[in-house]
Amino acid sequence: MTDFVSEVKTIPYSGEWVFTMLSDLTNLERVKDRIPQDKIKDFEFDKDSCSLSVDPVGKITFRIIEREPHKTVKFEAADSPVPLTVWIQLKEVAPDDTRMKMTVRAELNPFIKSMVSKPLQEAVDKLSAAIAVLPY
């Protein structure tokens with residue numbers, strides 16, 4: 001297993017607000033117009049899952065498999081070419097000051113790892129930066 005970890009991001013909202021937003025994927029409705037249509041297609045979501053198509057990978061569905069209130073939201077990828085798990089960890093350090101870190105764990109063979117490590121790390125960094133600036 002290979003882990004790709006974001007830097008710790010600061011979110012200027014309470015841990016409760018951030019958790020509430022991230023643990024119910026219907027909240028994506030509020031930000032779906034910010035998703036680049038040239039990179040992500042067929043974006044669909046409900047309370048517990050979201051699906052999207054990304055070239056050259058194809059369609060991937062992420063399902064929430066664990067929620068620990070105000071601390072963690074854990075996702076698992078279905079229909080992914082490699083087994084993939086995503087954790088969003090939250091820690092409220094003061095009122096309206098929540099720290100967030102994202103970890104992606106992928107099961108990669110050595111050949112694939114050499115090809116996808118850099119793009120996967122870049123994706124984790126960009127996604128965590130985008131999550132940090134959402135309008136909670």
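## Salt bridges

Let's start with Arg-99, which is partly exposed with a relative accessible area of 31%. The side chain of Arg-99 meets that of Asp-97 in a salt bridge, at 2.9 Å from N to O. Asp-97 has 18% relative accessibility, so Asp-97 counts as buried, the limit for that class being under 20%. Please keep in mind that this is a predicted model.

In total, the count comes to four salt bridges. Another of them joins Arg-105 to Asp-3, with the closest N and O atoms 2.7 Å apart. This pair links distant parts of the chain, with Arg-105 in strand E8 and Asp-3 in strand E1 (residues 2-5), 102 residues apart. Both ends are partly exposed: Arg-105 at 30% relative accessibility and Asp-3 at 36%.

Arg-67 and Asp-48 form a salt bridge too, and here the closest N and O atoms are 2.5 Å apart. Arg-67 sits in strand E5 and Asp-48 in the loop between E3 and E4, 19 residues apart, and again the pair links distant parts of the chain. Arg-67 is partly exposed at 34% relative accessibility, and Asp-48 is partly exposed at 35%.

## Aromatic pairs

The structure holds two aromatic pairs. Tyr-13 and Tyr-136 make up a tilted one, with 5.5 Å from centre to centre and 55° between the planes. Tyr-13 lies in the loop between strand E2 (9-11) and H1, and Tyr-136 in the segment after H2, so this pair ties together parts that are 123 residues apart in sequence. Tyr-13 counts as partly exposed at 30% relative accessibility, while Tyr-136, at 8%, counts as buried.

Phe-43 and Phe-45 form a tilted pair as well, at 5.4 Å centre to centre with 50° between the planes. Phe-43 is partly exposed at 24% relative accessibility, and Phe-45 is partly exposed with a relative accessible area of 24%.

## The largest pocket

If you are looking for a pocket, the largest one has a volume of about 1700 Å³. It is lined by 44 residues, and the closest to its centre are Ile-40, Leu-52, Phe-62, Ala-123 and Leu-127. By class, the lining of the largest pocket has 36 nonpolar, two polar and six charged residues.

Which element gives the largest share of this lining? Helix H2 does, with eleven residues. At least two lining residues each come from helix H1 (15-22), helix H2 (110-132) and strands E3 (40-45), E4 (49-54), E5 (58-68), E7 (84-94) and E8 (97-106).

Technical notes: Residues are numbered from 1 along each chain as its sequence is written. This is a predicted model: local features need pLDDT of at least 70, side-chain atom pairs count only at pLDDT 80 or more; totals for chains, interfaces and linings use all residues. Side-chain values use heavy atoms; hydrogens and water are left out. On a 1 Å grid over the protein atoms alone, a cavity is a set of points where a 1.4 Å probe fits but cannot get out, and a pocket is an open set with protein on both sides within 12 Å along at least five of seven lines; lining residues have an atom within 4 Å of a point. Grid points are joined across faces, edges and corners, and a volume is the space filled by probe spheres set on the points. Helices (H or I, at least four residues) and strands (E, at least two) are DSSP runs, numbered from the N terminus. Ala, Val, Leu, Ile, Met, Phe, Trp, Tyr, Cys and Pro count as nonpolar, Asp, Glu, Lys and Arg as charged, and the others, Gly among them, as polar. Rings of Phe, Tyr and Trp (its six-membered ring) pair if their centres lie within 6.5 Å; planes under 30 degrees apart count as stacked, over 60 as edge-to-face and the rest as tilted. Buried means under 20% relative accessible area, exposed over 50%, partly exposed in between (1.4 Å probe, protein chains only).
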